[in-house]
Amino acid sequence: MKSMSSRQFATMAGMILLSFLLLGAAFTTLSYRYTIKDKQDMLNRNAQYIADFTSNQVTTYGRGDAWKSQGFQSYLTNVALVTDTHIMLATNEGTVVYGTGGQQELRGLEGLRLSNSLVDGITSGSYAGMTTLGSFYNEARYLVGLPIHDGTGFLQGLVLISCDASNLSGMWQDLSVLFLLTACAVILVAAIISSVTSVYQSRPVKEIAAAARNFGHGEFGVRVDVGARKDEIGELAEAFNSMADSLAKSEQRRSEFIANVSHELKTPMTTIAGFADGILDGTIPPERERDYLQIISSETRRLSRLVRSMLDLSRLQSDERLAQQSFDMNEALLRVLVSLEGKISAKKLEVAADLPEEPTMVWGDADSITQVCYNLLDNAIKFSPEGGTLGLGIITKGQKAYISVSNSGETIAPEEVPLIFDRFHKTDHSRSKDRDGVGLGLYIVKTILNSHKEDITCTSEDGLTKFTFTMTRA
């Protein structure tokens, strides 16, 4: 597979070469045509002048005497010398009777029979083109021919003027070489620039590829050095680093989750196994077996709650989306409050409810939000002191409803507040309290509200802890 630098260079070189080819072809063609046109115009002017002069001489002295006169031939010789051309006079039938090249007489041309196509072209009006005059010239010359008429329009003969065309071919070759050399130089410079820029652009991509391979091997601490780049490559590197941070945090949470689950499962299982072995081997006296069986039963139910909470959490974290529906938030909150009446009465709690008289209709999954209310109320009851206060409240602002659950009791330390929604987090790290909890209740609350794109906050000041979450009004 070609590298990015080689593909970029190939593209740049191809574009430069194509541009120079098109520009060179256009410039060479225009220059060639312009030079040919300039030569053609010059030869046409000279040929017309000679034709007019010859016509006057023939009218005055007769064709034979005029063409053979020393003065006439000297005149044509001087014209040929000045214009660096070959001048020929021919009869109406195309037989050359005189030719001169300035310094050297073209005696070999006299008696030469011109081709019929050339004669027809001249007698029909004019002729212009490249020719060797039937191999008389070694190389083709550019030739212009005009007819010689008298004042009545009678054809008196033909005049032909030719010039060397090698300078035109040489100019075309020089231009071609010039463009070729320029194109090679530009491509060489482009190769250097392309190599430098390609290395600069591809380095972060290679680093990202290497980092991705390291990630595949479990090395989550690798990052790409973005530097001061603000282009698309820099954005890609920043996005990769952000993804790497998220993956590293996910891996850390996974490790913590496994450690917490292992701890939560190990403690009750060790208790159950120890007490069961004590009963079986007689270490525990028969009169105490019932007490220890009750502990085993309690730990078994705790394990059951932990497994059930983990299953609920797995379901909530899956991609399944429950159908959204409109329901009354007041009714859902009161229904949960009634279901917990036994626990409230056992702790002799005072309930302070501040709910609207009218129904508060919100959008969401009624069962999931009911679970949120149950977890928050159960948590508030659990950490309320006996005879304490349990508060409920709903207020509406704009398109949002704010539902609050509060309880009196110990104040949560400020450094603990941001952590209470983490999995298996308990404010009592010795776990001597809250033996009935598994540390997943508030995490499940947070997960459910996140799936609804809602928020939840917690404040704990002056012995009052308050949870407030939002719902979108229907």
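How many helices and strands does the secondary structure of this protein come to? The count is 11 helices and 12 strands, where helices (H or I, at least four residues) and strands (E, at least two) are DSSP runs numbered from the N terminus.

A quick word on what you're looking at. This is a predicted model, in which local features need pLDDT of at least 70 and side-chain atom pairs count only at pLDDT 80 or more, while totals for chains, interfaces and linings use all residues. Residues are numbered from 1 along each chain as its sequence is written, and side-chain values use heavy atoms, with hydrogens and water left out.

**The inside**

Of the 474 residues, 38% count as buried; buried means under 20% relative accessible area, exposed over 50%, and partly exposed in between (1.4 Å probe, protein chains only). Now to the nonpolar cores, meaning sets of buried Ala, Val, Leu, Ile, Met, Phe, Trp, Tyr and Cys residues joined through side-chain atoms within 4.5 Å. The largest one has 40 residues, and Met329, Leu376, Phe469 and Met471 touch the most other members. Several elements each supply at least two residues to this core, including α8 (329–339), α11 (441–451) and β12 (464–472). Helix α10 gives the largest share, 8 residues. Another core, of 20 residues, lies apart from it, and Ala47, Ile50, Leu76 and Ile87 are among its members.

Contacts (heavy atoms within 4.5 Å) can also be sorted by distance along the chain. Among contacts with a separation of 6 or more, 64% are between residues 24 or more positions apart.

Strands pair if DSSP finds at least two bridges between them. Strand β1 (residues 86–90) pairs with β2 in the antiparallel sense over 4 bridges, and Met88 stands opposite Gly99 in β2. The hairpin they form has 5 residues between the strands, and Gly94 in the turn has a positive phi of about 105 degrees. Strand β2 (residues 96–100) is largely enclosed by the rest of the structure, because 4 of its 5 residues are buried.

β11 and β12 also run antiparallel, joined by 6 bridges. Here Ser460 has Thr465 in β12 as its bridge partner. This hairpin has 2 residues between the strands, and Asp462 takes a positive phi near 50 degrees. In a regular strand, side chains alternate between the two faces of the sheet. β11 has a covered face with Ile456, Cys458 and Ser460, and an uncovered one with Thr457, Thr459 and Glu461.

**Salt bridges**

The whole structure holds 5 salt bridges, each one a side-chain nitrogen of Lys or Arg within 4 Å of a carboxyl oxygen of Asp or Glu. Here are some of them:

| Pair | N to O distance |
|---|---|
| Arg288 and Asp291 | 3.5 Å |
| Asp378 and Lys343 | 2.7 Å |
| Glu454 and Lys400 | 2.9 Å |

Asp378 lies in α10 and Lys343 in α9 (residues 341–346), so that pair ties together parts 35 residues apart in sequence. Asp378 is buried, at 16% relative accessible area, whereas Lys343 is partly exposed at 40%. Shared partners join Lys343, Asp378 and Lys382 into one network of salt bridges. As for Glu454, its 5% relative accessibility counts as buried.

**The outside**

The protein exposes about 27000 Å², with carbon and sulfur atoms supplying 56% of it; accessible areas come from the Shrake-Rupley method with a 1.4 Å probe. Leu188, found in helix α5 (residues 166–216), counts as exposed at 54% relative accessibility.
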